[in-house]
Amino acid sequence: MTSTVPIVFVSGGDPAELGLVASLARPGGNLTGVSILAAELTPKRLELLSELVPQAGVIALLVNPNNPQTEGVIQDMQEAARAKRLRLHVLKASTEGEIDDAFASFVQQHAGGLVVEADPFFTARSEQLVALASRDAVPAIYTRREFAVSGGLISYGTSLAGAFRQAGIYAGKILAGAKPADLPVQQPTTFELVINLKTAKALGLIVPPSILGRADEVIE
């Protein structure tokens, strides 16, 4: 990677932990951009899912073992599950076939809901995930609005459009003479909660007012 050409990134991980910048407040080099807090929101997704399926005693977490953030995500989710007195069943998949196997395991474990990790591979396989969740009647929460739009039950995460908009603003500032080292890495302060009522009805779920009232978008 060049150390002189200015670079504006949109990162799903912690840019400091990944070695992209010295710190969020003072990037210090030729890189800056936006961190979308993908992994950090996973426990919040568990909380939302447990509101939707309060009777569930077992929740499954689908992760990609090749993602460097996965171990941290699992630890955070185990703590969150313990706090809610839920059992967490971890499913791992890094291929299409393993996603099929993970859903078969979900059914065998009699889990009450599924949290899908924020991972580019799962985003790329969104149609497969939504189709399997529909086939097996799995209440699942995802990371991106696009999952819910395509038939997924619920999604919660950073607005990618907003993140790319901020990246564009930074690119404009750099073209006007600003240095990446002087532009703090931005983190989102607002998040999108999208619920698909048609899917909820198909699953026999009644969406509580606590979720409907917070939803940024309701698909009917």
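Predicted model: local features only at pLDDT ≥ 70, side-chain atom pairs only at ≥ 80, totals over all residues.

Trainee: Which residues line the second largest pocket?
Mentor: Gly13, Asp14, Glu17, Leu18, Ala39, Glu40, Pro68, Gln69, Gly72, Val73 and Asp76. A pocket is an open set of 1 Å grid points over the protein atoms alone where a 1.4 Å probe fits, with protein on both sides within 12 Å along at least five of seven lines; lining residues have an atom within 4 Å of a point.

Trainee: What volume does the second largest pocket have?
Mentor: About 220 Å³, counted as the space filled by probe spheres set on the points, which are joined across faces, edges and corners.

Trainee: And the largest pocket, what's its volume?
Mentor: About 320 Å³. Its lining has 18 residues, with Ser11, Gly12, Gly13, Gln69 and Pro120 nearest the centre.

Trainee: New topic. How do strand 7 and strand 8 pair, parallel or antiparallel?
Mentor: Antiparallel, over five bridges. Strands here are DSSP E runs of at least two residues, numbered from the N terminus, and pairing takes at least two DSSP bridges.

Trainee: Which residue in strand 8 partners Ser155?
Mentor: Val194. In strand 9, Val194 has Glu217 as its bridge partner. Strands 8 and 9 pair in the parallel sense, over three bridges.

Terms used: Residues numbered from 1 in each chain as written. Heavy atoms only, no water. Helix = DSSP H or I, 4+ residues; strand = E, 2+ residues; numbered from the N terminus.
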